[in-house]
Amino acid sequence: MTVKTRAAEIGVEGIGKDFGTFTALDDISLTIGRGEFLTLLGPSGSGKTTFLMLLAGFEEATRGRMTLDGRDMTRVPAEKRGFGMVFQGYALFPHMSAAANIAFPLKVQKRGAREIKARTEQIIEMVGLAGHGHKRPDALSGGQQQRVALARALACEPPVMLLDEPFSALDKNLRGQMQDEVRRLHRETGTTFVFVTHDQSEALALSSRVAIFEQGRLQQIAPPREVYDRPHSRFVAEFLGDINLLPLSDTSRDGDMLRGTFAGRTLRAPGKAGGETLAIRPEYMRLGLTAPSSGNAIPATVTDLTYLGADTRIDLRGPDGMALVMTHASGSLPDGLAPGTDIWATWPEEKGFLL
Ligand code: ATP
């Protein structure tokens with residue numbers, strides 16, 4: 001059973017939020033498209049929750065303007081926005097059954113009894129809780145409680161769903177299941193989702209775009225693959241995962257590439273002038289036992305091997321003692337590879353980028 005909602009577009013223009021003399025958010029401008037799944041990602045204290053609270057209407061902006069489908073909503077109170085919310089600590093009513101929790105917002109809206117019953121049943125089925133509606137929250141598992149919270153938020157067909165780290169208390173497997181569930185609910189309802197997390201892999205897995213915050217500023221907003229493979233800054237590159245950073249000297253243009261020297265080797269990466277540090281993710285580095293005839297390559301010595309299951313992490317000491325890291329499929333590691341083995345770290349030129 002699917003329940004389509006009317007998704008809305010959110011506009012944010014020059015929003016800022018001060019707490020006394022402290023600026024928690026500074027000059028944020030972005031558009032959240034109708035039906036988009038936007039994830040707000042950033043370290044602790046970067047302003048993600050404050051931004052979500054401004055969208056919800058629980059905090060008031062110090063500066064700037066917000067719109068909903070083009071209409072000003074900057075000063076519209078939370079209860080008039082009609083958004084669905086799943087927050088940490090935004091608990092279920094313990095004395096009510098799951099079904100009564102889900103029906104609650106519909107009752108507040110004074111919908112008819114028949115409609116409330118039909119809609120509650122529909123939503124219970126949609127979130128996979130058929131047969132559990134009569135249970136109180138303490139008789140439900142952690143994952144089931146989160147499903148009730150999602151169902152309650154979706155009950156009124158919200159134009160926007162706001163979720164703040166809803167799964168942080170769940171174990172890893174359950175968290176994965178709930179991520180799949182949220183993705184499915186987003187697809188089925190078609191509504192606009194804004195999701196806060198500080199888990200990089202959760203952000204990359206769920207979102208149509210990721211907005212990366214640092215110290216109250218929006219650093220980059222782009223689809224997951226773009227923020228990961230083409231970060232605009234060193235902060236974004238490092239925040240999203242391990243990365244090797246190789247400072248180039250004697251750089252020059254070479255068609256669409258920049259060519260430079262690192263430890264006496266010529267390396268190339270897509271891009272023009274500007275950044276002169278070549279960045280390459282560990283999973284794009286390959287292991288060679290002999291010097292390759294072309295492409296980017298640097299000599300290195302294995303310092304450590306860490307078995308991670310499907311992949312093995314290989315720590316390396318590169319030229320000038322620089323620490324490097326690559327990952328390699330565990331099933332195809334060369335025989336005898338061990339700390340002390342001299343290798344070549346190679347990678348396709350187009351996989352690197354300049355910072
Ligand atoms: P986390 O991942 O830890 O939840 P966050 O990115 O969501 O972090 P926010 O909760 O938005 O960060 O906080 C941003 C900054 O604003 C922090 O430095 C925080 O201390 C500050 N802040 C938030 N709310 C208030 C408040 N009511 N009064 C004063 N400072 C606040």
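This is a predicted model: local features need pLDDT of at least 70, side-chain atom pairs count only at pLDDT 80 or more; totals for chains, interfaces and linings use all residues.
The shell around the ligand consists of Phe19, Phe22, Ala24, Pro43, Ser44, Gly45, Ser46, Gly47, Lys48, Thr49, Thr50 and His198. By residue class, the shell divides into 4 nonpolar, 7 polar and 1 charged. For Gly45, a backbone N or O atom lies 2.8 Å from a ligand oxygen. A backbone N or O atom of Ser46 lies 3.0 Å from an oxygen atom of the ligand, and a polar backbone atom of Gly47 is likewise 3.0 Å from a ligand oxygen. On its own the ligand has 630 Å² of accessible area, of which the protein covers 59%. Two elements, strand 2 (22-32) and helix 1 (48-56), each give two or more residues to the shell. The most comes from helix 1, with 3 residues.

Thr39 belongs to strand 3, which spans residues 37-41. With a relative accessibility of 0%, Thr39 falls under the 20% limit and therefore counts as buried. Leaving aside residues up to four places away in sequence, Thr39 touches Phe195, Thr197, Ala203, Ser207, Arg209, Val210 and Ala211. Phe195, one of these contacts, also takes part in an aromatic pair, described below.

Across the whole structure, a search finds 7 aromatic pairs. In one of them, Phe58 and Phe87 are arranged edge-to-face, with 6.2 Å between the centres and 80 degrees between the planes. Phe58 counts as partly exposed because its relative accessibility is 41%, whereas Phe87, at 11%, counts as buried.

A second pair, formed by Phe167 and Phe195, is tilted, with 6.2 Å centre to centre and 50 degrees between the planes. Phe167 lies in the loop between strand 7 (160-164) and helix 6 (172-189), and Phe195 lies in strand 8 (residues 192-197), so this pair ties together parts that are 28 residues apart in sequence. Both Phe167 and Phe195 are buried. They are members of one aromatic cluster, together with Phe37 and Phe193.

Helix 3 covers residues 98-108, and its buried residues are Ala98, Asn101, Ile102, Ala103, Pro105 and Leu106. An α-helix has 3.6 residues a turn, so residues three or four places apart point the same way. The cover over the buried residues of helix 3 includes helix 4 (113-126) and helix 5 (142-154). Just after helix 3, Lys110 adopts a positive phi of about 55 degrees.

Arg317 is located in strand 18 (residues 311-317). Its relative accessibility of 42% lies between the limits of 20% and 50%, so Arg317 counts as partly exposed. Apart from residues up to four places away in sequence, Arg317 touches Ala300, Thr301, Thr303 and Met322. The C-alpha atom of Arg317 is separated by 45 Å from that of Gly142, and the two residues are 175 residues apart along the chain.

Conventions:
Residues are numbered from 1 along each chain as its sequence is written. Side-chain values use heavy atoms; hydrogens and water are left out. Helices (H or I, at least four residues) and strands (E, at least two) are DSSP runs, numbered from the N terminus. Buried means under 20% relative accessible area, exposed over 50%, partly exposed in between (1.4 Å probe, protein chains only). Contact means heavy atoms within 4.5 Å. A residue is near a molecule or strand if one of its heavy atoms lies within 4 Å of it. A polar contact is a pair of N or O atoms within 3.5 Å; within protein, one must be able to donate a hydrogen and the other to accept it, and residues adjacent in sequence count only if both atoms are side-chain atoms. Accessible areas come from the Shrake-Rupley method with a 1.4 Å probe; for residues, only the protein chains shown count as cover. Ala, Val, Leu, Ile, Met, Phe, Trp, Tyr, Cys and Pro count as nonpolar, Asp, Glu, Lys and Arg as charged, and the others, Gly among them, as polar. Rings of Phe, Tyr and Trp (its six-membered ring) pair if their centres lie within 6.5 Å; planes under 30 degrees apart count as stacked, over 60 as edge-to-face and the rest as tilted.
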